[in-house]
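Trainee: I am new to this structure, and I would like to learn how to read its features one at a time. Could we look at it together?

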Amino acid sequence: MEAKSPEEEHPKQAFGWAARDKSGLLSPFKFSRRATAEKDVAFKVLYCGICHSDLHMAKNEWGVTQYPLVPGHEIVGIVTEVGSKVEKFKVGDKVGVGCMVGSCRSCDSCHDNLENYCPKMILTYGARNYDGTITYGGYSDLMVAEEQFIVRIPDNLSLDAGAPLLCAGITVYSPLRYFGLDKPGMHVGVVGLGGLGHVAVKFAKAMGVKVTVISTSPNKKQEAVENLGADSFLVSSDQDQMQSAMGTLDGIIDTVSAVHPMLPLFTLLKSHGKLVLVGAPEKPLELPVFPLIGGRKMVGGSCIGGMKETQEMIDFAAKHNITADVEVIPMDYVNTAMERMLKGDVRYRFVIDVAKTLNP
């Protein structure tokens, strides 16, 4: 049987931008979405954030990309159709989809509301769906997903600046909660002041935690302290500053997605402190063991969050008026935005205005 083209796979015509090869360059792309099944929610995409993962995947830097690839997993919009068995959403609701659109529903992780750790989790783009077709992300005009993987966006949360919370927000919120770094009066470090880091500062401060930003860029100090509300700032290459902060942190959320030294970070932790990695460097990091065993310190990791916690995070953000700092761009600027993101030239997240600028 001849494979169907992306346009013919499903009944709903869709349009977006896709990468065709490892150059990662995106261009207009016609494809299709499935018909709205009984438990599905269909929505018109209004905004989609650009995540660092989108760049890694577009260029096949993790070696798993299947082309054509429509990226985007920070997607918000307005419901246009719901299946007959959908209970929580109706036409006109503001909704979002984050990093996943499916899971097995039967493993321990799924039973514990941790679909993000399900071995059969289906990613929002570039993965095989239940029917064997490839999933396409939010750089597109419409989405269809199961009700379980849809997040309700509260009315008071700005849609453009709220979109990045569906990946960046949950990526930092979940480890703050899980590793117990959310208790008022605790002192937490945030490494890297980019898309993830700036949101981590906002969530930690809203939880009542004292926050120190750790960065290689001295010029980010004013931004961190005055605009984002961090309590203090360390330049990681300044030995005197790092020395004076030794043993002061209960935990560290490390958001850096490039290879960087671990040792200076371990020295900042108190005994029993926790270093949690949420960035994804392409090459393995070196792990010095002596500073860990010398203070019973922990190194952990965390990857997004389950759907229940993602909704909790969005509700917390709305209550505490937390959004990402964004630069809203038209769809045809996306390749330039990717180049700028690679250079760190964004404060702090690009968001595509899909509804107004995606033209077939």
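**Two helices in contact**

Mentor: Gly169, Ile170, Tyr173, Ser174 and Arg177 in helix H4 meet Glu309, Thr310, Glu312, Met313 and Phe316 in helix H10, where contact means heavy atoms within 4.5 Å, and helices (H or I, at least four residues) and strands (E, at least two) are DSSP runs, numbered from the N terminus. By class, this contact has four nonpolar, three polar and three charged residues; Ala, Val, Leu, Ile, Met, Phe, Trp, Tyr, Cys and Pro count as nonpolar, Asp, Glu, Lys and Arg as charged, and the others, Gly among them, as polar. Please keep in mind that this is a predicted model, in which local features need pLDDT of at least 70 and side-chain atom pairs count only at pLDDT 80 or more, while totals for chains, interfaces and linings use all residues. Residues are numbered from 1 along each chain as its sequence is written, and side-chain values use heavy atoms, with hydrogens and water left out.

Trainee: At what angle do H4 and H10 pack?

Mentor: Axes are lines fitted to C-alpha atoms, for helices over the stretch in contact, and angles run from 0 to 180 degrees between N-to-C directions. Here H4 (residues 168–178) and H10 (residues 307–319) pack at about 100°, with their axes 10 Å apart. That makes H4 roughly perpendicular to H10, a term for angles of 65 to 115 degrees.

Trainee: Which residues line the largest cavity?

Mentor: On a 1 Å grid over the protein atoms alone, a cavity is a set of points where a 1.4 Å probe fits but cannot get out, and lining residues have an atom within 4 Å of a point. The largest cavity is lined by residues including Cys99, Met100, Ile170, Met307 and Thr310, and its lining has seven nonpolar, three polar and no charged residues. Its volume, the space filled by probe spheres set on grid points joined across faces, edges and corners, is about 60 Å³.

Technical notes
1 Å grid on protein atoms, 1.4 Å probe; cavity = no way out; pocket = protein on both sides within 12 Å on 5 of 7 lines; lining within 4 Å. Parallel < 35°, antiparallel > 145°, perpendicular 65-115°, else oblique.
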